[in-house]
Amino acid sequence: MVKLDRLINVLGGYGARLVCSPRSRSTELRAVALHDPDEQVPGGDEVLLAVGVDEGRAAEVLSETSAVVVVFRLDRIDERSLAVARERTVAVLLVDPAVSWGQLAGVVYGLVLEGRETEAGRGPTDLFALADALAESVGGPVTIEDHRSGVLAYSQRQETADQARLETILGRRVPEEVRRELSERGVFQHLAESDEPVFVEPSGSRRGRAVVAVRAGKALLGSIWVGTSSPLDAERQAALVQASRTAAAHLLRTRASADLERQVESDLVIGLVEGHSDVATVLSRLGFRGDRFRVVAVQAHNQGEHDSAALLVFELATVGFGWSRPGRSALFANTVYTILPHEDGEAAREWVRALAREMPEGVEVFAGIGGPASPDELVDSRREADESLAVHAAKPAGSPVVVYDDSWHEILLRRLQHVAAGGRTPARGPVAELRRHDREQGTRLITTLRTWLEVQGDLGAAAARLEIHPNTVRNRMRKVTQVGSIDLEDPDTRLALVIALAAEQ
């Protein structure tokens with residue numbers, strides 16, 4: 001089972017547009033049907049794939065079906081068809097015609113029919129068999145990689161592999177120096193733009209490679225690399241292209257399954273950090289053991305673009321599904337919340353640093369780490385993480401991640417400043433009178449008072465900070481008591497002044 005909202009979001013990654021949604025996006029989908037003009041159009045809780053239906057026949061199909069959502073592979077649809085869809089409460093999705101019906105059906109079937117298996121920990125095991133078969137066909141070692149150069153599968157045949165390929169397999173990722181060189185040589189640009197295989201000339205101790213993109217429509221899913229000392233002939237090149245098509249189907253199914261797992265995990269985590277769940281049961285379902293946790297809130301900015309950067313953070317935080325990941329994450333608006341089974345703030349900091357290292361160049365990561373929490377205190381840790389995140393976002397670029405334990409005083413001051421900004425501090429009183437006097441007389445009574453309070457009444461220290469004579473400080477403080485009508489010997493008065501001045505910073 002999958003909800004309409006999830007189907008819309010996933011297909012959006014392949015160029016789908018929601019053009020009509022009279023139904024609730026929480027509607028559940030339990031079946032998939034292909035349009036067949038010789039059979040009655042099904043209805044109920046299905047997704048109908050309108051195979052072979054052009055714009056002229058869209059209204060007819062919509063008028064006959066009672067499916068929840070109909071998917072058309074069209075650039076546009078006329079207003080008459082949309083009126084029919086609204087009348088019959090049928091959601092309509094238009095998918096980029098560059099995506100084949102075979103690929104589209106693979107995604108939709110994977111989402112809807114495998115919804116009950118989202119906790120099974122499926123992985124792309126068939127890709128290893130594909131890599132072995134391709135290695136036999138082309139006579140060279142094969143690796144299949146995702147769009148971030150992470151290794152998904154490799155052939156058993158690696159006896160002729162060079163050191164870079166072995167490091168790639170062992171590290172499950174192409175070494176950064178190799179990635180830079182390939183980028184400079186235009187290989188990644190070619191993969192982004194073309195479906196044709198390309199031969200990468202040998203470089204130093206590295207053998208040549210033949211590489212082809214693995215794509216669904218216009219979306220780059222990954223690539224297949226073959227170690228070879230010379231360009232592939234026509235027959236072996238054809239085998240490589242065919243393997244890329246087969247790999248696309250595998251990766252689409254894997255992506256759909258992973259997206260469902262993310263949905264399950266995200267819903268569970270949100271329930272925990274918002275306090276709406278049976279804590280013990282949900283922690284068990286998430287695979288957590290122990291009784292001390294921290295909540296981490298992460299945002300990312302990419303040249304002012306927050307949403308796409310947040311999706312990338314969420315993908316990186318949830319990559320490699322299975323219980324080997326230390327945390328469990330949820331995406332809420334443009335913030336990723338991760339529950340880590342750590343009481344140690346430094347371990348949480350290192351988790352954030354590792355995440356930031358994986359982000360593309362130019363993406364800035366902000367994070368806040370809540371205080372240590374028992375299972376029943378996760379809501380508090382999430383609130384602290386939010387406030388710590390706000391403090392970090394206000395700091396200069398490159399500042400260390402904010403941990404609540406170390407920055408509670410900054411967070412308290414921010415709360416006071418928010419109170420002041422909301423007009424909840426007194427509009428009149430000694431601080432207001434001192435500011436008025438400074439404005440009208442050109443004095444510096446507020447600055448002197450703030451410094452005097454910071455050094456706890458030490459005239460010499462205040463004079464040094466202000467770069468004036470101690471007698472000048474003494475005279476100014478005498479004026480402060482007169483203008484503000486305040487008793488600086490009273491500890492409650494001094495505390496109130498500290499708070500009032502901090503709230504106005």
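**Strands, helices and rings**

Mentor: Start with strand β13 and strand β15 (residues 335-340), which run antiparallel and are joined by 5 bridges. Strands (E, at least two residues) and helices (H or I, at least four) are DSSP runs numbered from the N terminus, and two strands pair if DSSP finds at least two bridges between them. This is a predicted model in which local features need pLDDT of at least 70 and side-chain atom pairs count only at pLDDT 80 or more, while totals for chains, interfaces and linings use all residues. Residues are numbered from 1 along each chain as its sequence is written, and side-chain values use heavy atoms, with hydrogens and water left out.

Trainee: Which residue in β15 is the bridge partner of R294?

Mentor: The partner of R294 there is L340.

Trainee: And how many bridges pair β13 with β16?

Mentor: There are 6 bridges between β13 and β16 (residues 364-369), and the pairing is antiparallel. A297 stands opposite G368 of β16.

Trainee: How many residues of β13 are buried?

Mentor: In β13 (residues 294-301), 7 of the 8 residues are buried, so the strand is largely enclosed by the rest of the structure. Buried means under 20% relative accessible area, exposed means over 50%, and partly exposed is in between (1.4 Å probe, protein chains only).

Trainee: OK, another strand. What about β8, how many of its residues are buried?

Mentor: In β8 (residues 142-146), 5 of the 5 residues are buried, so this strand is also largely enclosed by the rest of the structure. V142, I144 and D146 point one way from β8, T143 and E145 point the other way, and all of them are buried.

Trainee: Which strands does β8 pair with?

Mentor: β8 is joined to β12 (residues 219-227) by 5 bridges, and these two run antiparallel. On that side, E145 has S223 of β12 as its bridge partner. β8 also pairs with β9 in the antiparallel sense, over 3 bridges, and there the partner of I144 is A153.

Trainee: What do β8 and β9 form together?

Mentor: They form a hairpin with 4 residues between the strands, and S149 in the turn has a positive phi of about 70°.

Trainee: Where else is phi positive?

Mentor: T89 is one of the cases, with phi near 50° in a residue other than glycine. T89 sits in the loop between α3 (79-87) and β7 and is partly exposed, with a relative accessible area of 34%. S485 also has phi near 50°; its place is the loop between α18 and α19 (491-503), and at 67% relative accessibility S485 counts as exposed.

Trainee: You mentioned α18. How do α17 and α18 cross?

Mentor: The axes of α17 (residues 459-466) and α18 (residues 470-484) come within 8 Å and cross at roughly 105°. That makes α17 roughly perpendicular to α18, a label for 65 to 115 degrees; under 35 is roughly parallel, over 145 roughly antiparallel, and the rest oblique. From α17, L459, A462, A463 and L466 make the contact, and from α18, P470, V473, R474 and R476. Contact means heavy atoms within 4.5 Å. Axes are lines fitted to C-alpha atoms, for helices over the stretch in contact, and angles run from 0 to 180 degrees between N-to-C directions.

Trainee: Back to sheets. What is the strand order in the open sheet of 5 strands?

Mentor: The order is β2-β7-β6-β5-β4, with mixed pairing. β2 (17-20) and β4 (31-34) are at the edges with a single partner strand each, so one side of each has no neighbour in the sheet. From one strand to the next, the twist averages 25°.

Trainee: How do β4 and β5 pair?

Mentor: β4 and β5 (residues 46-49) are parallel and share 4 bridges. A33 has L48 of β5 as its bridge partner. Helix α1 (residues 4-12) packs on the sheet, where it touches β2, β5, β6 (69-72) and β7 (91-94), and the direction of α1 makes about 15° with that of β7.

Trainee: Last topic: how many aromatic pairs are there?

Mentor: The structure holds 2 aromatic pairs. F128 and Y154 form an edge-to-face pair, 5.4 Å centre to centre with 80° between the planes. Rings of Phe, Tyr and Trp (its six-membered ring) pair if their centres lie within 6.5 Å; planes under 30 degrees apart are stacked, over 60 edge-to-face, and the rest tilted.

Trainee: Which parts does the pair of F128 and Y154 tie together?

Mentor: F128 lies in α5 (residues 126-138) and Y154 in β9 (residues 151-154), so the pair ties together parts 26 residues apart in sequence. F128 is partly exposed at 29% relative accessibility, and Y154 is partly exposed with a relative accessible area of 29%. F288 and F293 have ring centres 5.4 Å apart and planes at 70°, so their pair is edge-to-face.

Trainee: Are F288 and F293 buried or exposed?

Mentor: Both F288 and F293 are buried.
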